[in-house]
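Please look over the sequence and the model first, and then read the points below.

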Amino acid sequence: MAKILYEVKRNQNAHSAAFGKWYAQIKNLETLNTRKLANHISEHGSIYTPDVVYGVLEKFRSCLVEMLLESKKVKIDGLGTFYCTLENQKNGAMKKEEYIPSKHMKALHIRFLPEQTTEENISSRTFLKKAEFVNIEQLLKAEEEESGETNGGETNGGDGGDNSGDNGGGPVNP
């Protein structure tokens with residue numbers, strides 16, 4: 001079973017009601033780009049070579065953006081639905097006729113809603129139930145003990161790759 005790595009960090013935001021409390025945070029090891037994902041997919045007993053899988057993924061990406069920009073939602077069965085939302089500037093137009101997109105729109109966001117049908121449910125609560133979690137500090141400590149290397153309980157520096165979602169050691173906001 002795949003394992004979700006996490007580390008426990010203290011909330012350092014003095015303005016937060018949760019200041020000083022401890023929370024788990026995902027420890028991402030790597031970010032796969034399209035090429036790496038294509039290689040991974042082709043290694044799973046696929047009859048397609050990595051370059052063919054890459055081509056399909058690239059075509060998917062460009063078509064997804066095209067469909068979203070045409071005000072369409074894109075549902076990928078078993079995965080979820082991609083759609084757009086608008087973010088407006090504060091203090092909108094006083095009258096409907098005065099609304100100007102270039103003035104009143106702040107951003108256009110791509111959103112994702114995970115599949116929630118009973119057989120393919122990957123919503124956050126169900127996903128949480130399916131995951132197995134491993135504290136990265138305990139994992140590193142166990143590896144050090146196995147190899148006979150100890151350094152007074154300290155772990156090696158570095159973050160092991162991309163740490164998406166981490167705020168670089170700043171305040172932890174759960």
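Two residues are in contact when heavy atoms of theirs lie within 4.5 Å of each other. On that basis, among the contacts in the protein with a separation of 6 or more, 48% are accounted for by residues 24 or more positions apart. The model described here is a predicted one.

**Overall architecture**

- The protein contains five helices and six strands.
- Read from the N terminus on, these elements follow the order β-β-α-α-β-β-α-β-α-β-α.
- The protein has 174 residues, of which 16% count as buried.
- Its accessible surface comes to about 13400 Å², and carbon and sulfur atoms hold 54% of that area.

**Helix 2**

- Helix 2 covers residues 50-68, which makes 19 residues.
- From its first C-alpha to its last, helix 2 reaches 27 Å, close to the 27 Å expected at 1.5 Å a residue.
- Val53, Leu64 and Leu68 are the buried residues in helix 2.
- Viewed down the axis of helix 2, its buried residues fall within an arc of 30 degrees, and they therefore line one face of the helix.
- In general, an α-helix has 3.6 residues a turn, so residues three or four places apart point the same way.
- Asp51 and Lys59, on the other side of helix 2, are exposed.
- The cover over the buried residues of helix 2 includes helix 1 (34-42), strand 3, strand 4 and strand 5.

**The loop at Gly78**

- Gly78 lies in the loop that connects strand 3 (74-76) and strand 4 (80-88).
- Gly78 counts as partly exposed because its relative accessibility is 27%, a value between the 20% limit for buried and the 50% limit for exposed.
- Beyond its neighbours within four places in sequence, Gly78 is in contact with Glu115, Glu120 and Ile122.

- Met105 belongs to strand 5, which comprises residues 105-114.
- With a relative accessible area of 30%, Met105 is partly exposed.
- Together with Val65, Leu69, Leu86, Tyr99 and Leu108, Met105 forms a nonpolar patch on the surface.
- The residues of this patch have about 530 Å² of accessible area together.

How values were computed. Residues are numbered from 1 along each chain as its sequence is written. This is a predicted model: local features need pLDDT of at least 70, side-chain atom pairs count only at pLDDT 80 or more; totals for chains, interfaces and linings use all residues. Side-chain values use heavy atoms; hydrogens and water are left out. Helices (H or I, at least four residues) and strands (E, at least two) are DSSP runs, numbered from the N terminus. Buried means under 20% relative accessible area, exposed over 50%, partly exposed in between (1.4 Å probe, protein chains only). Patches are made of residues with over 30% relative accessible area and no salt bridge: like charges are joined within 9 Å, nonpolar side chains (Val, Leu, Ile, Met, Phe, Trp, Tyr) within 5 Å. Accessible areas come from the Shrake-Rupley method with a 1.4 Å probe; for residues, only the protein chains shown count as cover. A salt bridge is a side-chain nitrogen of Lys or Arg within 4 Å of a carboxyl oxygen of Asp or Glu. The expected span of a helix is 1.5 Å times one less than its number of residues. The arc is that of the directions from the helix axis to the C-beta atoms.
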